[in-house]
Amino acid sequence: MPGVRIKKDDTVMVIGGKDRGKTGRVVNVVPRDGKVMVEGVARQHKHTKPTAKNRKGGIILKEQFVDLSNVQLVCKSCGRPSRIGHIGEGVEKVRVCKRCGAEL
Ligand SMILES: [Zn+2]
């Protein structure tokens, strides 16, 4: 995975898999695995057993990780899922929307 372009709190659109077309806020990124967790995307029911914390157990909704390759950053400026480019180097490096040229 050449450079992770998605960060926590970014808004992304899912471009593959069964949740395609959904958008959500990134809540977790695991660059090493190329995985991202997006609010409201890839939610699955999990059956939990009663624990000390959760005495009743039951079913909870929990987001699952999805592949970074299945999401695309939504540009804050043009509001569309966009390819992202970089300009500058090192700490000066910024992400730019390839569609409208806005810095992200
Ligand atoms: Zn844009």
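Modeller: The answers below cover the domains, their interface, the strands and the salt bridges.

Colleague: What should I know about the model before we start?

Modeller: This is a predicted model, in which local features need pLDDT of at least 70 and side-chain atom pairs count only at pLDDT 80 or more, while totals for chains, interfaces and linings use all residues. Residues are numbered from 1 along each chain as its sequence is written, and side-chain values use heavy atoms, with hydrogens and water left out.

Colleague: Into which domains is the protein chain divided?

Modeller: Domain 1 covers 1-49 + 58-73, and domain 2 covers 80-104; the bounds come from an automatic or database domain assignment. Taken over C-alpha atoms, the centres of domain 1 and domain 2 are 21 Å apart.

Colleague: What area is buried between domain 1 and domain 2?

Modeller: About 640 Å² is buried, with carbon and sulfur atoms giving 55% of it. Buried area here is the accessible area (1.4 Å probe) that two parts lose on being put together, summed over both. On the side of domain 1, Arg-5, Gln-72 and Leu-73 lose the most area to domain 2, together 77% of what that side buries.

Colleague: How many residues of each domain are in contact?

Modeller: Contact (heavy atoms within 4.5 Å) involves 7 residues of domain 1 and 8 residues of domain 2.

Colleague: How many salt bridges cross the interface of domain 1 and domain 2?

Modeller: The rule finds 1 there; it requires a side-chain nitrogen of Lys or Arg within 4 Å of a carboxyl oxygen of Asp or Glu. The structure holds 7 salt bridges.

Colleague: Which residue forms a salt bridge with Arg-25?

Modeller: The partner is Asp-9, and the closest N and O atoms are 2.6 Å apart. Arg-25 lies in strand S2 and Asp-9 in the segment before S1, so the pair ties together parts that are 16 residues apart in sequence. Another salt bridge joins the side chains of Asp-10 and Arg-95, at 2.9 Å from N to O.

Colleague: Turning to the sheet, what is the order of its strands?

Modeller: The open sheet has 5 strands in the order S6-S3-S2-S1-S7, with antiparallel pairing. Strands are DSSP runs (E, at least two residues) numbered from the N terminus, and two of them pair if DSSP finds at least two bridges between them.

Colleague: Why is one side of S6 and of S7 left without a neighbour?

Modeller: Strand S6 (66-67) and strand S7 (71-73) stand at the edges and each has a single partner strand, so one side of each has no neighbour in the sheet.

Colleague: How many bridges join S1 to S2?

Modeller: Strand S1 (residues 11-14) and strand S2 (residues 23-30) run antiparallel and are joined by 3 bridges. Val-12 has Gly-24 in S2 as its bridge partner.

Definitions and conventions
Helices (H or I, at least four residues) and strands (E, at least two) are DSSP runs, numbered from the N terminus.
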